[in-house]
Amino acid sequence: MGFNMRKIIPAICLVLALGLGSAASGRAFPQAPTDEKLFQEAKLLIFDKKWDAALDKLQEIVDSGAKGPYYSQAVFYKGECLNSIKGREKDALLAYKEYIQLRDANPSLIEKSEGSIIDLAGVLYDKGDRTALKELESRLDHPNRAIKYYAAYKLSLVPDKAVASKAVPVLEQIIRTEKDPELTDRARIALLRVSPESLKSVEDRRPSSGSPRMLRIRIWKKGLKSPEVSLNIPWALADLALSAMDEEDKMALRKKGYDLNKIMNELAKSKESILRIEGEDGSIIEIWIE
Amino acid sequence: MNDCPMKNTDRLAYLSGDLEEGRRTTVAEHLKKCPDCREEVEELRRVFEGADAVKGEIREALRSVDWEALPGRIADYVYAGAEKPDKISVSERFRMWFLQPRLRPALAGLALGVVLGSLSMYLVLRRPVPGPNGGKNYYASGEFLDRAELEMARRETVDYLERSQYVLLDFLGTPSGQAAARSALSMVQARELLSKKKYLNRELEKFQMAKAKTICDQIEMLFLELAQISGDLPEAELAKMRDLVEDRQLFLKINLVKKELQNGV
């Protein structure tokens, strides 16, 4: 026991010193509670869309220099605030990019940041910054499908068709492989905009499920030689297309006792035959499937 | 064809007044009786009269020529023509050669060929524009696609609000002590909803659905909070979120916006 005291005493001193040190640091740098308070206040301000006030508080956390537990979240929410302030798009993009590089970044917040980077790139491109397209194009082969799909969707909205057509392979992939109708319908609409022939090709390659391939709608207004509305769209978008018809035309259908379900049922029953509905104003709606 | 035995030379001589008196009387008597010969003589007379008129014009033209000055004018023209090649540029000579009358039919043919060729190339290479029947390809106007996207935004926002309500109720309605009961499924659903929200952002802004956008943003923020929590949600955090939702009457607002969207407002 006596021999061991030589070793034990320094160890006790070390433990005491560490204990006192940590206690002292807790009193001298009350950083964590302060950051927490600032962060909670900032989040309430964000919830109420008070972006500038929230940004001040978040900036305070970021500028404190101590990369504590609230630092990474403060960077993310800083991006959110900047994203909502007009003219701060580039700063917002940098904040999101900083966040996704952080070691303790959360996967859900990373995905949200990536989505926001894609949105911001679209805004910057619309304002004339062609380099912003790189942010969209580089995400077309992102390992996260949600990000890859969103990048393709956003790219399809670019007015320059040569650029927008780069999204075609991913949009085709969505239709071929995904089951979620919200995703596949969006991809179909995007392809109808960018490359209807690609949509035709991908729909034709899909295994037949017994349902029709194409819905055709023509609306002829009285006195006009050519149809005012002319649509050839995939059957999968039929319900959406009929809902998206002009209010007047929908009214004409309702007056004749046709609701969307009745139209769909009649079309499904009588393949190849034309459903011809005459409106009171002399307009004619022709709907058929193939 | 005149089968009359009278010779054509007699008829010509009669007209030109070269017949002797006896023969002239005989021919005149014959012409009174023979309509074919009379007709031929009349035709010949018209030809002779035409020839006489031309002869007169030629005589007039020849009379107007200054025969004494003509050799000098011809000499001047020849000398002027000899000097011309030095003054005419290559392009001018090419133009003169190219536009010479002999080549005009060929040029006209060439021009017609170019026009027809261009027209056929245009017809062959132009993008097929859907006619009234639109062919067998898919086709929809930009205006229709915008309306389809608006309809999709309306439906998906209603769906987002409904599902968010369930997930929030699951998180906030379950006491902290029953952590296990708060299913991991709700966490997965919250992440799925976060993933879908980004598609709604553009449409809610584009179609000026401001109320729906505000409520969806607030829900998104709650989900972002929840998505960061691993394991059980501490009671203090849960209470804070519950207070926030109640204070801002989030569920009431969700229901109101949902009803508006369902009614097509």
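User: What makes up the secondary structure of chain B?

Analyst: In this predicted model, chain B has eleven helices and zero strands. Read from the N terminus, its elements run α-α-α-α-α-α-α-α-α-α-α.

User: What share of the residues in chain B is buried, and what makes a residue count as buried?

Analyst: A residue is called buried if 20 or more other C-beta atoms lie within 10 Å of its own. Of the 265 residues in chain B, 18% are buried.

User: Why are H3(A) and H4(A) called roughly antiparallel?

Analyst: Helix H3 (residues 51-63) of chain A and helix H4 (residues 71-84) of chain A pack at an angle of about 150°. Angles over 145 degrees count as roughly antiparallel, and therefore H3(A) is roughly antiparallel to H4(A). The axes of the two helices are 9 Å apart, and H3(A) passes H4(A) in a left-handed crossing.

User: Which residues of H3(A) and H4(A) meet, and of what classes are they?

Analyst: From H3(A), the residues include Trp51(A), Leu55(A) and Leu58(A), while those from H4(A) include Tyr71(A), Val75(A) and Lys78(A). The residues of this contact divide into twelve nonpolar, two polar and one charged.

User: How many residues does each chain give to the contact between chain A and chain B?

Analyst: Chain A gives 32 residues and chain B gives 28 residues. Among the elements of chain A that give two or more residues to its side are helix H2 (31-47), helix H6 (107-126) and strand S2 (229-234). This side of chain A has 16 nonpolar, seven polar and nine charged residues.

User: Why do S2 and S3 of chain A stand at the edges of the sheet?

Analyst: The four strands form an open sheet in the order S2-S1-S4-S3 (chain A), with antiparallel pairing. S2 and strand S3 (275-278) of chain A each have a single partner strand, so one side of each is left without a neighbour in the sheet. Neighbouring strands are turned by 10° against each other on average, direction ignored.

User: How do you know that S1 and S4 of chain A pair?

Analyst: Pairing requires at least two bridges. Strand S1 (residues 214-220) of chain A and strand S4 (residues 284-289) of chain A have six bridges, in the antiparallel sense, so by this definition the two strands pair. Arg218(A) stands opposite Glu286(A) in S4(A).

Technical notes. Residues are numbered from 1 along each chain as its sequence is written. Chains are lettered from A and ligands numbered from 1 in the order in which they are written. This is a predicted model: local features need pLDDT of at least 70, side-chain atom pairs count only at pLDDT 80 or more; totals for chains, interfaces and linings use all residues. A residue is buried if 20 or more other C-beta atoms lie within 10 Å of its own, exposed if 12 or fewer, and partly exposed in between; C-beta atoms are placed from the backbone. Axes are lines fitted to C-alpha atoms, for helices over the stretch in contact, and angles run from 0 to 180 degrees between N-to-C directions. Angles under 35 degrees count as roughly parallel, over 145 as roughly antiparallel, 65 to 115 as roughly perpendicular and the rest as oblique. A crossing is left-handed if the near helix is turned anticlockwise from the far one by less than a right angle, and right-handed if clockwise. Two residues are in contact if their C-beta atoms, placed from the backbone, lie within 7 Å. Ala, Val, Leu, Ile, Met, Phe, Trp, Tyr, Cys and Pro count as nonpolar, Asp, Glu, Lys and Arg as charged, and the others, Gly among them, as polar.
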